[in-house]
Protein chains: 2
Amino acid sequence: MTRIVCRQLAPRVGELGPNSELSVQAVREAVARRADVVVLPELVTSGYVFESKEEAASMAITPDHELFSFWADAAGGKAVVVGGFCEEGADGLLYNSAALVDPSGLVAVYRKVHLWDREKLWFEPGSDPPPVIDTHVGRIGLLICYDVEFPEMTRMLGLAGAELVTVPTNWPLGPRPQGEHPPEVVVAMAAARINRMFIACCDRTGTERGQQWTAGTSLIDEAGWVIATADDDGWAIADVDLAATRSKTLTELADLHGDRRPELYGRIAAPSQPV
Amino acid sequence: MTRIVCRQLAPRVGELGPNSELSVQAVREAVARRADVVVLPELVTSGYVFESKEEAASMAITPDHELFSFWADAAGGKAVVVGGFCEEGADGLLYNSAALVDPSGLVAVYRKVHLWDREKLWFEPGSDPPPVIDTHVGRIGLLICYDVEFPEMTRMLGLAGAELVTVPTNWPLGPRPQGEHPPEVVVAMAAARINRMFIACCDRTGTERGQQWTAGTSLIDEAGWVIATADDDGWAIADVDLAATRSKTLTELADLHGDRRPELYGRIAAPSQPV
């Protein structure tokens, strides 16, 4: 079994040092709870509600920043860590990025492809599709927040064999009917079910410059059901069998991926006439 | 407002005449309840759990069958009717099809593209993408059951401007955690939200040759929430504003369809290497 641990945190905008320390401490505590995979929120180092591009730039770090060695050290020779950060690219532009770190150090950086709302004022959208990374604990795909609401993205990762998709998020709180999951979780549940893969969404909590957050951290199993949400201290923990994702066959005659009809997809471009 | 009415029925396998009469009566009663759109289950004329291709063939009808004029007559000069039937094609093959009928008669036939499980033993899969039809009540897309679990299909319909997707279904009952919607409904909720369109899934009820059905009929609004399920008599009714689907803009800087990055989709074909 693989233990997935999400830690829902409340970073404070503008406080790069304390936020970084908070994230390292979260990794350390997650490993103490025997995590194999630790997932942290989006932009955990910087906070989210920037007032200007300059403010975002003042909190940006590069992939060679010491933070990622601290995460690797905290991983205790064992865990894979995924978390979001405000990235300064070699091109001088800012990206909303996620890092995957293992005990050897930084393994991959993914730049969010679908920027939500005012993120477009500070960040450049990523120009590469999301990675799928063979780690020592399993095959992990990376997305960030709004990305998960594009089924093209989750499908790509599913077809590439992702066993677990990790999704650092900052979900602004919106209204929802009583008893329902946050809407973004509903979308992630659907993606998990139809691709038969685990999805770990690690949200943030707290209120930032008036913005309330959903605190909707959810671990979703390969059948599409929520198996853990954050407890009062922000921990969501589940032990899962990642190997359960390797076959997409549901019955002798049904296969979630084999039943696709890609030759028919995308052919409707405008309203069609009646046959 | 547009009144959508699903009527969850219990057709009996092998009884084409009584099932057809049941479906016509359902349309008549739906129109008495002021339906603008009536949705009936998948294979409502034939039942579902066939024992052989020959048995399915014995219940197949062609698109010029009088049933569709009966539906049109029952539509009372007003409603659009969508329902499933076992179709005999001009090619002599059997299809799991849905008809869209308006007061003038048959407008469109769609053949299910994604056959579920043992349907593959009797039916030929459809070779055309699903239609989007401009009716006098709005722009309606057609899918059948398992089709809705392929986000490629719902995305195609959304991009083609479907305001309402009608989904005749026969959902076999499976386990689910207490308090959760049927898993197929979760997938439809996600598709409705991310494409900002209404989805009307009309399921069947009863037990057929030992197969229990979910009876999961659900009307889903353009934000992805279930707004009606079947009452004890099998009626699910909702009044909706189909025009609410015409803009995909959520904020000044966010647009559900405009934010797509199609140039990046589908580029991962195999597990990628770490960057």
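These legends walk you through a predicted model, one close-up at a time. Local features need pLDDT of at least 70, side-chain atom pairs count only at pLDDT 80 or more, and totals for chains, interfaces and linings use all residues. Residues are numbered from 1 along each chain as its sequence is written, while chains are lettered from A and ligands numbered from 1 in the order in which they are written.

**View 1. Chain A as a whole.** Welcome to chain A, which holds six helices and 16 strands (DSSP runs numbered from the N terminus: H or I of at least four residues for helices, E of at least two for strands). Its C-alpha trace spans about 60 × 45 × 40 Å along the principal axes. Of the 275 residues in chain A, 55% are buried (20 or more other C-beta atoms within 10 Å of the residue's own; 12 or fewer makes a residue exposed, and anything in between partly exposed, with C-beta atoms placed from the backbone).

**View 2. Where chain A meets chain B.** Here 51 residues from chain A and 51 residues from chain B form the contact (two residues touch if their C-beta atoms, placed from the backbone, lie within 7 Å). On the side of chain A, β5 (105–111), β6 (132–134), α5 (151–159) and α6 (183–195) each supply at least two residues. The largest share, seven residues, belongs to α6(A). By type, this side of chain A has 30 nonpolar, seven polar and 14 charged residues (Ala, Val, Leu, Ile, Met, Phe, Trp, Tyr, Cys and Pro are nonpolar; Asp, Glu, Lys and Arg are charged; the others, Gly among them, are polar).

**View 3. How the two copies are related.**

**View 4. Helix α1 of chain B and its surroundings.** Look for residues 16–32 of chain B, the 17 residues of α1. Among the buried residues of α1(B) are L16(B), N19(B), S23(B) and V27(B). The buried residues fall within an arc of 130 degrees seen down the axis of α1(B), so they line one face of the helix (the arc is that of the directions from the helix axis to the C-beta atoms). Turned away from that buried side are the exposed G17(B), P18(B) and A32(B). Cover for the buried residues includes β1 (2–7), β2 (37–39), α3 (66–74) and β3 (80–88) of chain B. After α1(B) comes R34(B), with a positive phi near 65 degrees.

Technical notes:
Expected span 1.5 Å × (residues − 1).
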